[in-house]
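Subject: Structure handover and notes

Dear colleague,

Please find the structure below, followed by my notes on what turned up in it. I would be grateful if you could read them with the coordinates open beside you.

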Amino acid sequence: CFIFMLLTAQRYSDMQQICPEQFTKNHWKFQSVKTGKEITVPLVEWNKMAFEIAKKNNYNFPKLTQQYFNRALKQVCKKAEINCIISLKRYKGTNTVLIKKPKYELISSDTARRTAVTMLLSKGVPPTVVMKLTGHSSIQTMMKYENTTSDLLFEALKKL
């Protein structure tokens, strides 16, 4: 489920509603549960495996609540020893709060979507194209999903 969401950049709720009629050999077309928008996900080259994952599962992923899925995902990541300590800054009013947690505690279904957006943007896909794929209406909302690292910044600036 997680890899399917990573390859398609879609929400958990949309992945849960797939059916064979939504697929052709080169795209997945559906109506978003959250926004009601018609979304078309091309299934080509880098993400073609999403179609194979859906087909292998008979277009029927386990029907779990998102909360249960996220708990199970954290357990899998913990067993996989994805446990380096991550430091996050959060703000409460004018105060900065530093949170330190093992990485597996921070992983959720939304991590797949965030990672997909970051990967696509880092590969030079224009933000407007990424927005068309994710169904975001505003660049500001979509950019909340982006997480550019310092390494990517250096690489991008070296190309200039």
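Helices (H or I, at least four residues) and strands (E, at least two) are taken here as DSSP runs, numbered from the N terminus. On that basis the chain has eight helices and four strands, and its elements follow the order α-α-β-β-α-α-β-β-α-α-α-α from the N terminus on. Please bear in mind that this is a predicted model, in which local features need pLDDT of at least 70 and side-chain atom pairs count only at pLDDT 80 or more, while totals for chains, interfaces and linings use all residues. Residues are numbered from 1 along each chain as its sequence is written, and side-chain values use heavy atoms, with hydrogens and water left out.

Along the principal axes, the C-alpha atoms of the chain fill a box of roughly 50 × 40 × 30 Å. Of the 160 residues in the chain, 32% are buried, where buried means under 20% relative accessible area, exposed over 50%, and partly exposed in between, with a 1.4 Å probe and protein chains only.

Aromatic contacts

Rings of Phe, Tyr and Trp (its six-membered ring) pair if their centres lie within 6.5 Å, and planes under 30 degrees apart count as stacked, over 60 as edge-to-face and the rest as tilted. By this rule there are seven aromatic pairs. In one of them, the ring centres of Phe-4 and Phe-61 are 5.1 Å apart with the planes at 50 degrees, so the pair is tilted. Because Phe-4 belongs to helix H1 (residues 2-8) and Phe-61 to the loop between helix H3 (49-56) and helix H4 (66-79), the pair ties together parts that are 57 residues apart in sequence; both Phe-4 and Phe-61 are buried. The rings of Tyr-12 and Phe-69 also form a tilted pair, with centres 4.8 Å apart and planes at 35 degrees, and this pair links Tyr-12 in helix H2 (residues 12-16) to Phe-69 in helix H4, 57 residues apart. Tyr-12 is buried at 5% relative accessibility, and Phe-69 is buried at 9%. Ring pairs also join Phe-4, Phe-23, Trp-28, Phe-30, Phe-51, Tyr-59 and Phe-61 into a cluster.

The largest pocket

A pocket is an open set of points on a 1 Å grid over the protein atoms alone, where a 1.4 Å probe fits and protein lies on both sides within 12 Å along at least five of seven lines; lining residues have an atom within 4 Å of a point. The largest pocket holds about 610 Å³ of space, the volume being that filled by probe spheres set on the points, which are joined across faces, edges and corners. Its lining has 16 residues, of which Lys-103, Thr-111, Arg-114, Thr-115 and Asn-147 lie nearest the centre. Strand S3 (85-92) and helix H5 (109-122) each supply at least two residues of this lining, and H5 gives the most, with five.

Cysteines

The structure holds zero disulfides, a disulfide being a pair of cysteine sulfur atoms within 2.5 Å. The sulfur of Cys-1 is 13 Å from the closest cysteine sulfur, in Cys-77, and therefore too far for a bond. Cys-77 is likewise in no disulfide, the nearest cysteine sulfur being that of Cys-84, 11 Å away. Cys-1 is partly exposed, with a relative accessible area of 26%, whereas Cys-77 is buried at 8%.

With best regards
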